[in-house]
Amino acid sequence: MAHEIITSVQNPLVKRLHQLLDKKGREEQGRYLVEGAHLVEEALKSGAEVTTILYDQERSLDPACQRALANHSQAAQVIAASAAVLAKLSETKSPQGIVAEVKKTASDWDEWVDKLAEKENALLLFLDEIQDPGNLGTILRTAEAAGVDGVVLGKGSVDIYNGKVVRATMGAMFRLPVFARELAATAGEWKQQGGRVLVSSLSQDSVSYDQADYSGKIALVIGNEGRGVSKGMLSCADQFVHIPLYGKAESLNAAVAAGIFVYEAQRNRRR
């Protein structure tokens, strides 16, 4: 099937899509871009609302994307584009030959958390001002792999639809419930539902991560890369936990710490 071809970077559609590389454009349009065959395929397979796909006119549309597109519940506009157009819409040094425009989706926290209330050992991850896109993407990918039920992204955190975040998730963001909410208020709601809050902290009454109590419904709080967990979230803690440092490093990368905590929590529960 022949597709429309766009070769000019001055094309109105290309200009509009280019705005999605900035947070302001994403917020105004309620859409974002994903780049690369794997991410486009994952977006389609997840049921995300993919509205437009542009692929390199010198190649055919990726076979896996074609199959996912055929099974997609909504029609997407598929366009062949020049290398210059794809480079205009890419944030990587080597454009991957395919980009897709996806509509943002807003999950209903209240409805979701009510369903989660029935799960006795629910595990959430609260992210307190995580600002590095690579860290956030890696945390989401790790959380999904570890079977975390959902992630709450606090104010001051990097935009989840930032291109680097999207790429670093490797598709996990399409499968993992993520909510942008005020963390302290969310922690209060969580406690009202019988949940506990474990905060990553080096305070004097903090216990080692392998000695913590991960039983029941818990939310693990990971803090900002430089400042750690905010005072507001420290006051919400039911227990402080830390990861011992045996070398001379002053701290661990936030994504590494999150991975250690969520996997220890799951290991502890399966023991």
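**Exercise 1. How many bridges join strand S6 to S7, and do these strands run parallel or antiparallel?**

*Solution.* The model is predicted, so local features require pLDDT of at least 70 and side-chain atom pairs count only at pLDDT 80 or more, while totals for chains, interfaces and linings use all residues. Residues are numbered from 1 along each chain as its sequence is written, and side-chain values use heavy atoms, with hydrogens and water left out.

Step 1. Strands (E, at least two residues) and helices (H or I, at least four) are DSSP runs, numbered from the N terminus. Two strands pair if DSSP finds at least two bridges between them.

Step 2. S6 (residues 123-127) and S7 are joined by four bridges and run parallel. Opposite Leu153 in S7 stands Leu127.

Step 3. S7 (residues 150-153) is covered on both faces: Gly150 and Val152 on one side, and Val151 and Leu153 on the other, are all buried (under 20% relative accessible area; exposed is over 50%, partly exposed in between, with a 1.4 Å probe and protein chains only).

**Exercise 2. Characterise the packing of helix H3 against helix H4.**

*Solution.* Step 1. H3 (residues 37-46) and H4 (residues 63-70) pack at about 15°, with axes 9 Å apart. Axes are lines fitted to C-alpha atoms, for helices over the stretch in contact, and angles run from 0 to 180 degrees between N-to-C directions. H3 is therefore roughly parallel to H4 (an angle under 35 degrees).

Step 1. The contact (heavy atoms within 4.5 Å) involves Ala37, Val40, Glu41, Leu44 and Lys45 of H3, and Ala64, Cys65, Ala68 and Leu69 of H4.

**Exercise 3. Which residues of H3 are buried, and what covers them?**

*Solution.* Step 1. Leu39, Val40, Glu41, Glu42, Ala43 and Leu44 are the buried residues of H3.

Step 1. Their cover includes S2 (31-35), S3 (50-56), H4, S5 (98-103) and helix H8 (163-169).

Step 2. After H3 comes Gly47, with a positive phi near 90°.

Key
Parallel < 35°, antiparallel > 145°, perpendicular 65-115°, else oblique.
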